[in-house]
Amino acid sequence: MKRKMMIKKAVALVLTFSMAFSIAACGDSGRAEEAKEQETGQQATEEKEAEQGTGQETAEAGSEKTKISFWAPFSGGDGDIMTELVDEFNAQSSTTEVEFMIIKSEEYYTKLLAAMTTDTAPTVAVNHITRIKEYVNDGLIEPLDDLASAAGVDFGEFTERLQASAEIDGKYYCMPMDTHLLLMHFNTDEFERMGLLEEDGTVKVPRGEEAFFEYFHNVKSQLGNGQIPISGTSMNGLPMYLWYTLLTQYGGDICDETGSTATLNSEENIKALSVIMRMVDEEIWPKNQKNGGELFTGKIAPATINGVWAVPMFEGTEGLNFVSMPFPQFTDKDSVYADSHTLVIPKNKNTTEEEKVAAMEFMKWLTDNTAKWARAGHIPSKQSVIDSEEFRNLPYRSVYADSAQYAKIFPQVCGIAGLTELTYRELAAMIAGSQDVETTAENMQNGFQEILDSYK
């Protein structure tokens, strides 16, 4: 009975969250591409066999690969890169064959949860690290420790922040693929014109709240008609990423260490919200921006607040010279909003032990090869990959990769999907001028506490 009630709550949260997920999952990229249907791994294998002739047709039945399924919400360039990785794995593995399915991001968690609760889930699925606690709480994903140990997986190879977030009650339930976090991107032509480009081609915003505003008022004074200092979409994901970055830089967080009491009625939250409104009111980051990415690529703004996920889009914009930098620090405490795409094995009574072993083989291979996934802008989950020549040779990435060391991921508590929807709504109302900072903080505190209480 308890599990059924918890699943009902999870379903309700997923349904309220799913409409906003395409922004929350992969950020405020300014892309409107829908997820496209991908060929499955089986189809790719059949084509390869056709090219190679009939040699494999005589293989012994006992040498057939174990087939597993893999679901992900990646579209556009992310989807293309992941498809390439799956194809590469299938070509290399002599034991496992992955059938890959991309699901539209706005539908992904709804369909995944439905599959998990009806024993039709894939063998492997992508799951954001901030949602792992809820799935563990509802008994929907497999613990990985034994499978990982047998496959030679060392969770100590992942960055410290990801290790801490991936562990629930002393067990690991996911394998992180990346850290994706908030950055600030700069048009280097514009900043060179303003005399603000460093000799090494980077842009360095000085540390501190007052220094930040002084710096961008200088930028504002040098702009042409119709230009704005900083772009960034005014609703949904972007304001939340900015808010949590500032909240944690000022020393706050969403809840106490027990995960049972919301802490959004704090001085730190009031300060974070006040800084956001100062940015809006002083028109450093003007409100009513529908697509911050397009304002940047269209050269309306010389700087933009956006995540690592925006780097490929900016790279593909003809005539745009830019550099992606760690997000500015307003205090002496380094922090920036982050999340992670992780790999999980959903519980499914139809999944065999052989398939679970094959799933772990695939998951280990993916996390070992995330330098290729970094082409999508993400920071690899393993320090050894971050330090690799393959990753360091990618443009821009090494400039912001160290941000992963102080990345701040939401605490592992139930109710993050509900908090996300609540935060979207409250920040949008505040930025639009419909309510003040104090009312916003009070609404966030009361709303999140109600969500946390529902899991007790």
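Because the model is predicted, local features are reported at a pLDDT of at least 70 and side-chain atom pairs at pLDDT 80 or more, whereas totals for chains, interfaces and linings use all residues. Residues are numbered from 1 along each chain as its sequence is written, and side-chain values use heavy atoms, with hydrogens and water left out.

The protein chain contains 21 helices and 14 strands, where helices (H or I, at least four residues) and strands (E, at least two) are DSSP runs numbered from the N terminus. Of the 456 residues in the protein chain, 57% are buried, a term that denotes under 20% relative accessible area, with exposed meaning over 50% and partly exposed lying in between (1.4 Å probe, protein chains only). Among contacts (heavy atoms within 4.5 Å) between residues at least 6 apart in sequence, 79% join residues at least 24 apart.

An open sheet of 5 strands has the order β2-β1-β3-β12-β6, with mixed pairing; two strands are taken to pair if DSSP finds at least two bridges between them. Strand β1 (residues 66–72) pairs with β2 in the parallel sense over 7 bridges, and S69 stands opposite E99 in β2. Helix α5 (residues 105–116) lies across β1 and β3 (124–128) and runs at about 130° to β3, while α15 lies across β1, β2, β3, β6 and β12 at about 55° to β1; these angles, from 0 to 180 degrees, are taken between N-to-C directions of axes fitted as lines to C-alpha atoms, for helices over the stretch in contact. The loop between β12 (341–344) and α15 (353–368) holds T351, which counts as buried at 14% relative accessibility. Leaving aside neighbours within four places in sequence, T351 is in contact with T123 and K356.

Strand β11 (residues 336–339) is covered on both faces, with V336 and A338 buried on one side and Y337 and D339 buried on the other. In a regular strand the side chains alternate between the two faces of the sheet. Strand β7 (residues 178–187) pairs with β11 in the antiparallel sense over 2 bridges, and the bridge partner of L181 in β11 is A338. Strand β14 (residues 407–408) runs parallel to β11 and is joined to β11 by 2 bridges, with Y337 standing opposite K408 in β14.

The largest nonpolar core has 143 residues, and those with the most contacts inside this core are F70, F216, W243, I254 and F448; such a core is a set of buried Ala, Val, Leu, Ile, Met, Phe, Trp, Tyr and Cys residues joined through side-chain atoms within 4.5 Å. Helix α11 (residues 237–249) gives the most to this core, with 8 residues. Beyond neighbours within four places in sequence, W243 is in contact with residues including I254, L264, F410, L427 and M444.

Helix α20 (residues 416–432) is mostly covered, with 13 of its 17 residues buried. Just after α20, G433 takes a positive phi of about 90°. Both C174, with a relative accessible area of 0%, and C414, at 9%, are buried, and a search of the whole structure finds 0 disulfides, defined as pairs of cysteine sulfur atoms within 2.5 Å.
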